[in-house]
Amino acid sequence: MIELLVNGHTHELEAPVGRTLAEALRLDLGLTGTKVACGEGHCGACTVQLEGVPVLSCITLVHTVGDRQVTTIEGLDWHPLVEAFVDADATQCGFCTPGQIVSASALLEANPSPSGEEIKHAMAGNLCRCGTYPKIERAIHAVAAQKEGN
Amino acid sequence: MARLIKTEKEVEGRYTEQWVVVEEDALEQWPEGPLQTVGRPATRVDGLARARGEARYTQDIRLPGMLHTAVLRSPHARARVKQIDLTPARETVGVREVIGPDDLEPLTDEPNYEGQAIAAIAADTNDQARAALDAISIEWEVLEPLLDVDQALRQESYVDDPKRYERGDVERGFAEAEAVVEAEYRTQSVLHNALETHQSVCEWEGDTLVVYTSTQFLWGVRDEVADAFGLPKDKVRVICRFMGGGFGAKGSAGDYTLIAAELARRTRRPVRCRLDRREENVNSGHRNPTIQKLRLGARADGTLTAIDAEYMCLLGWGGWLPPTAGPAQMLYACDHVRTLEYGLRLNAPPMDAFRAPGFVEGTFGLECALDELAAKLDLDPLELRRRNHTDHDPMDERPFSGKELMECYRRAEPHWERRHEVRARSEGPWKHGVGIATQLWYGGGGPPSYAWVRLSGDGTATVLTAMQDIGTGTRTAMAQIAAEELGLPIDRVTVELGDTAHGPYATVSGGSSTTPSVGPAVRAAAGDVARQIREIAAQRFDLEERLLSLSGGNVNSADGGSWPLEEITGMLGDGQILGKGARGPNPAGMRVMTYGIQVAEVAVDVETGEIVVERIYAVHDIGRVINPLGAESQIEGGIIQAIGHSLSEQRLLDPKTGKVLTQTLDAYKLPTIADVPEIVSELIDVPDAHLTNLGSKGLGEPPIVPTAAAIANAIRDATGADVRSLPITREEMLRALREAEERRRATERVEAAPA
């Protein structure tokens with residue numbers, strides 16, 4: 001039995017050896033907002049945050065998480081990026097979108113007004129086959145601008 | 001009264017005749033330009049659900065008691081199973097059922113390509129199913145795969161009969177030519193790599209089979225599965241409410257669906273079968289490679305006199321011959337055209353449709369050759385295209401319905417003019433240039449497709465149609481169309497789609513056909529409701545029906561007076577107003593296509609062969625635009641996929657074993673956000689006056705068609721080198737530069753030689 005801190009709640013779960021964080025979130029906790037697209041750490045769809053740092057949950061073993069706080073897309077439903085993604089049309093099929101938003105929110109936390117180049121650098125690990133990239137960049141800029149306005 | 005007529009239906013260049021029932025009182029098209037909702041930017045009605053991770057994809061479906069599947073796939077491109085023993089797998093912990101080659105149609109003991117399914121295991125967990133695969137005892141006789149193109153040609157190993165086409169007399173056309181170019185172009189195999197892999201969950205409910213699947217065609221899956229299991233069609237219910245990308249490869253049921261259904265039948269449990277990324281990249285289709293031999297002839301003024309083209313398509317073990325010769329046959333007025341297309345059957349995974357199959361490949365060759373011709377004739381490439389414009393399909397003289405290509409050319413002009421300043425940026429090894437390429441593709445859709453609309457007492461409407469939104473935003477477009485016709489704000493319209501049990505038949509989401517096929521049906525259904533509202537209001541308030549119209553959520557009378565819609569519908573209590581609509585016929589005797597042109601700006605480092613795409617301008621004509629915001633996203637997405645196709649993506653096959661070497665996303669290079677250039681796009685937005693009650697065509701595919709040729713032409717503009725092979729790797733770039741240098745030296749030698 002391990003304890004997992006997810007989106008501010010403590011969960012207890014049985015995790016067999018080799019269980020990935022993505023499996024624990026999706027299968028044990030039913031948090032299916034985290035998507036698995038490649039399962040081997042190449043695409044970024046499964047991105048979650050550990051203590052605010054983006055990690056690939058499909059290649060992170062749940063036993064290595066310890067007492068670090070896990071943030072998934074379900075824990076970011078309040079985030080202005082969610083609406084900004086919709087407003088900018090930064091979601092097509094939407095399968096990569098949760099991972100994109102999780103990565104983008106970590107970026108904005110670390111760098112509240114990133115340049116285009118900085119966005120490209122920080123987001124290059126999140127693949128989108130539909131090609132929403134220009135709109136993702138627009139959505140991130142929009143939230144950065146909102147924050148500056150405040 | 002219903003009238004029965006015959007019309008033509010087209011999907012990705014394949015035409016069939018179709019009987020259609022037409023209602024007499026068809027709706028007139030709306031006036032041109034943005035309306036209340038249609039033609040104005042709309043954010044996605046399902047955007048929040050997707051962005052918050054609340055949208056349930058097939059991958060997220062978990063049913064009580066659900067079993068998981070692992071599939072034993074052939075590790076060999078050609079082999080025979082000498083002996084197979086499934087018993088040890090059956091005895092493995094957690095295993096509920098095992099099926100082998102004798103149990104189900106797609107399972108085979110004589111695989112003809114790597115990844116072909118041999119056996120399948122259903123177990124309590126995914127790990128248990130995978131572990132049990134190792135317990136299957138199997139003995140192979142590995143056979144020599146047919147992979148060599150020359151050998152396949154000698155053996156006449158074709159998937160379909162070669163397709164020949166000829167008009168005029170090509171040799172006469174070349175005799176009339178004052179300039180001729182002849183070149184060979186090659187395009188590679190490209191993998192779809194939708195982020196949601198192919199997968200299904202199947203469950204039996206009594207005598208009904210429920211299939212959750214990631215698909216572009218609910219009804220196609222229904223028919224295929226019903227046929228495979230000998231069921232009446234509506235005893236199969238297919239559900240896909242949210243779909244994680246397809247790009248052409250999810251048009252059929254696939255072995256995974258049939259395997260899950262059979263295992264579910266045997267275990268009486270829900271069964272899930274999901275391809276992992278590696279299976280996906282071996283076993284779920286690809287854009288087939290081509291080798292194209294082109295010869296173009298033209299007069300000094302640029303008039304094309306002859307096109308002679310041969311297309312060898314390396315299809316793999318199956319699939320179909322995509323319309324690769326389409327652009328050569330239809331894009332330009334040319335009296336003498338001959339094409340030959342053939343699809344080689346090899347021991348490699350079968351091709352599947354990939355976003356504008358055939359035309360992407362064919363446009364690359366044709367539009368590159370055209371620019372080589374322009375260089376030879378010393379003509380402006382844009383002018384050359386204008387001079388060969390045709391307003392009718394040169395194959396059968398049918399007029400094109402709603403063709404605004406000349407307007408596209410006109411709007412592209414200032415972007416093409418930028419070439420002077422772009423070239424001037426060249427500095428040191430970095431050479432800059434600009435290239436163009438024209439786009440032609442289908443996209444008119446066709447019948448049958450249907451929709452129902454129901455209006456509740458509170459004045460909210462629900463559209464029901466069993467189509468799918470594969471990520472293109474068609475759910476939003478349908479909401480806009482219904483909202484417009486009902487005079488409602490879009491937030492009072494809900495679209496229910498993705499379930500064959502909830503709504504009538506709708507088309508495949510392929511061939512850019514969803515909006516032009518289902519959209520008119522949705523408008524007709526909403527129009528049916530609107531008519532009833534007007535009739536009810538006229539009776540209730542003693543008004544003249546012909547003076548009534550719906551807008552802003554109100555029923556308005558032309559002689560003054562306005563009533564909120566819910567005041568009329570509210571009268572009915574729980575009563576609902578129901579409307580139905582069908583897609584009408586295509587315009588008789590006309591050819592419906594989509595058009596456009598793209599202008600690429602590139603920079604090439606002539607020392608290293610590095611290529612950077614800096615800017616793409618795109619202008620397309622797809623008739624009326626329903627949602628300019630979603631349309632812009634489609635264009636950007638198509639262009640970005642095309643940049644991958646042009647520069648980085650390539651499925652590699654081991655030439656000896658026929659095995660796919662690029663199974664993972666680190667080996668297969670998809671474009672990232674860092675690879676995206678500035679993209680500027682616009683749409684002509686003039687309704688096609690002959691096409692349906694909307695005048696709209698599809699936009700899923702057009703933007704991917706011309707980009708590769710525009711990039712290659714920009715590279716020629718920058719460097720003088722003819723790149724003729726995709727992807728344009730550094731090796732290909734450096735080869736082309738060496739060839740250009742040798743050509744330049746040879747010319748110098750000739751010029752320096754004494755006369």
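Analyst: The contact between the two chains draws 40 residues from chain A and 42 residues from chain B. The model discussed here is a predicted one.

On the side of chain A that touches chain B, the elements giving two or more residues are α2 (80-87), α3 (97-110), α4 (116-123) and α5 (133-149). Of these, α5(A) gives the most, with five residues. By class, this side of chain A comprises 20 nonpolar, ten polar and ten charged residues.

The context within chain A is as follows. Its domain assignment gives domain 1 (2-75) and domain 2 (76-149). The centres of these two domains of chain A, taken over C-alpha atoms, are separated by 21 Å. Where they meet, 18 residues of domain 1 of chain A are in contact with 14 residues of domain 2 of chain A. Strands β3 (47-50) and β4 (53-56) of chain A each supply at least two residues of the domain 1 side, and the largest share of that side, three residues, comes from β3(A). The domain 1 side has eight nonpolar, eight polar and two charged residues.

The largest nonpolar core has 271 residues, and V211(B), V463(B), A482(B) and I715(B) touch the most other members. Helix α15 (residues 514-541) of chain B gives the most to this core, with ten residues. Apart from neighbours within four places in sequence, I715(B) is in contact with G433(B), V602(B), V604(B), I611(B), A721(B), V723(B) and I728(B).

One further residue of chain B may be examined individually. Y332(B) is found in the loop between α9 (326-330) and β16 (337-344) of chain B. Y332(B) counts as buried because it has 23 C-beta neighbours inside 10 Å, and the cut-off for that class is 20 or more. Leaving aside neighbours within four places in sequence, Y332(B) is in contact with L304(B), N388(B) and T390(B). Y332(B) and S401(B) are 69 residues apart in sequence, and their C-alpha atoms are 16 Å apart in space.

Terms used
Residues are numbered from 1 along each chain as its sequence is written. Chains are lettered from A and ligands numbered from 1 in the order in which they are written. This is a predicted model: local features need pLDDT of at least 70, side-chain atom pairs count only at pLDDT 80 or more; totals for chains, interfaces and linings use all residues. Helices (H or I, at least four residues) and strands (E, at least two) are DSSP runs, numbered from the N terminus. A residue is buried if 20 or more other C-beta atoms lie within 10 Å of its own, exposed if 12 or fewer, and partly exposed in between; C-beta atoms are placed from the backbone. Two residues are in contact if their C-beta atoms, placed from the backbone, lie within 7 Å. A nonpolar core is a set of buried Ala, Val, Leu, Ile, Met, Phe, Trp, Tyr and Cys residues joined through C-beta atoms within 7 Å. Ala, Val, Leu, Ile, Met, Phe, Trp, Tyr, Cys and Pro count as nonpolar, Asp, Glu, Lys and Arg as charged, and the others, Gly among them, as polar. Domain bounds come from an automatic or database domain assignment.
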